[in-house]
Amino acid sequence: QEIAQELDIDYAGSDFQFFSPADIESYKAKWCRDPEAVGDLEIDSDKCVVVRFVHGRKGKFRFWEMPGADFRFDPERRFVVGADVSAGTGASNSTLAFYDEKSHEKVAEYANPCMLPDDFGRFAVAAARLFNNALVVPDRSGPTGEVFVRRLVANGYTNIYRARDEKKIGSPSEEKYGVWLNPSVRTTILENYRDAIGHDTIINRSAIAMDEAAKFVRQKDGFIEHTDAANSIDPSGAKANHGDLCIADALANMKLSAEKKTEEAGTQEVPEGSLARRIQMAAEEAMEKERELGKGWEV
């Protein structure tokens, strides 16, 4: 680690890499591929709706699955979008990561370093509406995140992930829009995202996003940081916003992994011979007799 930091000037090697480089490369070979289309979404800023998509290889919006007829997705499909918000000064990206709620597959992503949080909020509303009013899971940390979430709500968009806001000890907690990514929470969501990547329960098509993930390191205090952030000398505090596509992916995974756990809990089989199984069988027999005799008859 000392050789990496002092001689090679390799800060990723000087801390403990959070994602295994070998695992990242293996994952990329298995799942990542070039996007179907690259370009920019033009939006009506007043109505917050998409006007058109302009193809261009230097565009900031990447689709791995294009919308169908009339530039729409099947209305039955549901999507989740993670949103990481920067100050828009060019030092780091504001990002969106769109996933299919059923397949857990990334269908699009967006990254722009020069969009102010309020403007980014308008853009996110338009993009989320394109994806059938996708559930937005935003980082609400700091003034940038606060401005972003307030803009979503001001434009009438309330399909936003709610997280529990723990107040002072003794005070009741309440759910509020967005996720406050303090170092502890950021570490937790990145650990969950790494687990999803390792078990292929989330399909990230973006090689760029996976390369960002490879630059996260675990520091001596146990928290996870991006190497570009750890070495940033930007006085604006932009160091908290590097690895932005990966953070958006991890935020989307919060919702996707929570659904998977709920689904698994609901489909667990009751072991044969257990008390729970006997109670279940007794209830099933009672229901069957009720159907045979008619409701209200005593057995």
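This is a predicted model: local features need pLDDT of at least 70, side-chain atom pairs count only at pLDDT 80 or more; totals for chains, interfaces and linings use all residues.
Residues are numbered from 1 along each chain as its sequence is written, and side-chain values use heavy atoms, with hydrogens and water left out.

**Entry 1: overall counts**

I looked up the secondary structure of the protein and found 10 helices and 12 strands. Of the 299 residues, 42% are buried, where buried means under 20% relative accessible area, exposed over 50% and partly exposed in between (1.4 Å probe, protein chains only). The accessible surface comes to about 16,500 Å², and 50% of this surface belongs to carbon and sulfur atoms; the areas come from the Shrake-Rupley method with a 1.4 Å probe, and for residues only the protein chains shown count as cover. For contacts (heavy atoms within 4.5 Å) between residues at least 6 apart in sequence, I noted that 63% join residues at least 24 apart.

**Entry 2: the seven-stranded sheet**

I traced an open sheet of seven strands with mixed pairing, in the order S3-S2-S4-S7-S6-S5-S8. Its edge strands, each pairing on one side only, are S3 (49-55) and S8 (135-138), and the twist averages 25° from one strand to the next. Helix H4 (residues 117-130) packs on this sheet and touches S2, S3, S4, S5, S6, S7 and S8, its direction making about 15° with that of S6; for such angles, axes are lines fitted to C-alpha atoms, for helices over the stretch in contact, and the angles run from 0 to 180 degrees between N-to-C directions.

At the S3 end I followed strand S2 (residues 37-44), which runs antiparallel to S3 and is joined to it by six bridges. Gly 39 stands opposite His 55 in S3, and Asp 40 stands opposite Val 54 in S3. The hairpin of S2 and S3 has four residues between the strands, and Cys 48 takes a positive phi near 55° there.

**Entry 3: strand S6**

How many residues of S6 are buried? I found seven of the seven, so S6 is largely enclosed by the rest of the structure. Ser 94, Leu 96, Phe 98 and Asp 100 are buried on one side, and Thr 95, Ala 97 and Tyr 99 are buried on the other, so that both faces are covered.

I then checked the neighbours of S6 and found that S5 pairs with it in the antiparallel sense over six bridges, while six bridges also join S6 to S7, again running antiparallel. S6 and S7 form a hairpin with five residues between them, and His 104 in the turn has a positive phi of about 60°.

In the loop between S5 and S6 I looked up Ala 91, which is partly exposed with a relative accessible area of 27%. The C-alpha atoms of Ala 91 and Cys 114 are separated by 8.3 Å, although the two are 23 residues apart along the chain.

**Entry 4: helix H5**

Thr 144, Gly 145, Phe 148, Val 149, Arg 151 and Leu 152 are buried in H5. These cover an arc of only 155° around the axis, which puts them on the same side of H5; the arc is that of the directions from the helix axis to the C-beta atoms. Pro 143, Arg 150 and Ala 154 are exposed on the other side. The buried residues pack against S5, H4, S8 and strand S10 (174-177), and just after H5, Gly 156 takes a positive phi of about 80°.

**Entry 5: the three-stranded sheet**

I also traced an open sheet of three strands in the order S1-S11-S12, with antiparallel pairing, whose edge strands are S1 (16-17) and S12 (224-226). Two bridges join S1 and S11 (residues 216-218), and Val 217 in S11 is the bridge partner of Gln 17. Helix H6 (residues 183-198) lies across S11 and S12, running at about 85° to S12.

Note on methods: Two strands pair if DSSP finds at least two bridges between them.
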